[in-house]
Amino acid sequence: MSDAVRLPTPADTYDFGRRLAQVLRPGDLVLLTGPLGAGKTALTQGIGAGLGVRGDITSPTFVIARVHRPDPARGGRVALVHADAYRLGDAADPRAEIDDLDLDASVDDSVTVVEWGEGLAEHLTDAHLRIRIDRHDDDTREVELDPVGGDWADRLTTLP
Ligand SMILES: Nc1ncnc2c1ncn2[C@@H]1O[C@H](COP(=O)(O)OP(=O)(O)OP(=O)(O)O)[C@@H](O)[C@H]1O
Ligand SMILES: [Mg+2]
């Protein structure tokens, strides 16, 4: 487990996502955990900016996941799949629901970020990066990165 990083404002959350994107590549799975309103979507928006993908990244309300295509004009090279598994918790077999997402993009070719994915989406890849965001009483946030398998730990040492 890496040291926690303090994120005083939403702009810091966004910027952290942008910097994290610099070490992301196709096939990556990032699982975001943390309470309601922690800043998971805000972090994903930063990741999307760093990856140079198209479209507004919002909380998917009616869909479980959205694919954001890379925008070559913004230096984008890889698609971002943004999923929110919050409502899948009620499904009889939430993992099967994740597998059945008929996304027009594959995990191997994309960067996949799943909000509320802990315990549900780990099986999609051999390795993943777990990110926990916590909220302090003063409304600032703290983020902790937990590399699980693969070369995640090495890659995190190169985080800009
Ligand atoms: N570092 C920060 N300090 C203060 N506020 C922040 C910080 N990061 C994000 N926020 C704010 O927290 C609020 C909730 O953010 P966001 O929607 O990204 O949370 P979430 O974890 O995705 O929520 P949900 O659990 O509903 O999906 C937003 O208003 C956002 O601007
Ligand atoms: Mg969200």
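Gly75 is located in the loop that connects β3 (65-68) with β4. In this predicted model, Gly75 counts as exposed because 10 C-beta neighbours fall inside 10 Å, and a residue with 12 or fewer such neighbours is classed as exposed. Although Gly75 and Gly50 are 25 residues apart in sequence, their C-alpha atoms are 9.1 Å apart in space.

The chain as a whole comprises four helices and seven strands. Read along the sequence, these elements follow the order β-α-β-α-β-β-α-β-β-β-α. The C-alpha atoms occupy a box of roughly 40 × 40 × 30 Å along the principal axes. Of the 160 residues, 34% count as buried. Among contacts with a separation of 6 or more, 65% are contributed by residues 24 or more positions apart.

Strand β2 (29-33) is largely enclosed by the rest of the structure, because four of its five residues are buried. Two pairings of this strand were examined. With β5, β2 pairs in the parallel sense over four bridges, and Leu32 has Glu115 of β5 as its bridge partner. With β6, β2 is also joined by four bridges, and these two strands run parallel; here Leu31 has Arg130 of β6 as its bridge partner.

Leu32 also features in the largest nonpolar core, which contains 34 residues. Within this core, Leu32, Leu80 and Ile131 touch the most other members. At least two core residues are supplied by each of α1, β2, α2, β4 (79-84), β5 (110-115), β6 (128-135) and β7 (141-148). In soluble globular proteins, nonpolar side chains tend to be buried together. The surroundings of Leu80 illustrate the contacts made by one of these core residues. When neighbours within four places in sequence are set aside, Leu80 is in contact with Ile47, Gly48, Leu51 and Val53, with His68, and with Ser110, Val111 and Val113.

The shell around ligand 1 was considered next. Of the 18 residues around this ligand, Thr13, Gly39, Lys40, Thr41 and Ala42 come nearest. Two helices, α1 (10-21) and α2 (40-51), are the elements that give two or more residues to the shell. By class, the shell consists of five nonpolar, eight polar and five charged residues.

Trp116 has a positive phi of about 60 degrees and is found in the loop between β5 and β6. Trp116 counts as buried because 21 C-beta neighbours lie inside 10 Å, the threshold for burial being 20 or more. Asp139 likewise has a positive phi, of about 75 degrees, and lies in the loop between β6 and β7. In contrast to the buried Trp116, Asp139 is exposed, because 8 other C-beta atoms are within 10 Å.

Note on methods: Residues numbered from 1 in each chain as written. Chains lettered and ligands numbered in written order. Predicted model: local features only at pLDDT ≥ 70, side-chain atom pairs only at ≥ 80, totals over all residues. Near = placed C-beta within 6 Å. Nonpolar A, V, L, I, M, F, W, Y, C, P; charged D, E, K, R; others polar. Core = buried A, V, L, I, M, F, W, Y, C linked by C-beta atoms within 7 Å. Contact = placed C-beta atoms within 7 Å. Pairing = 2+ DSSP bridges.
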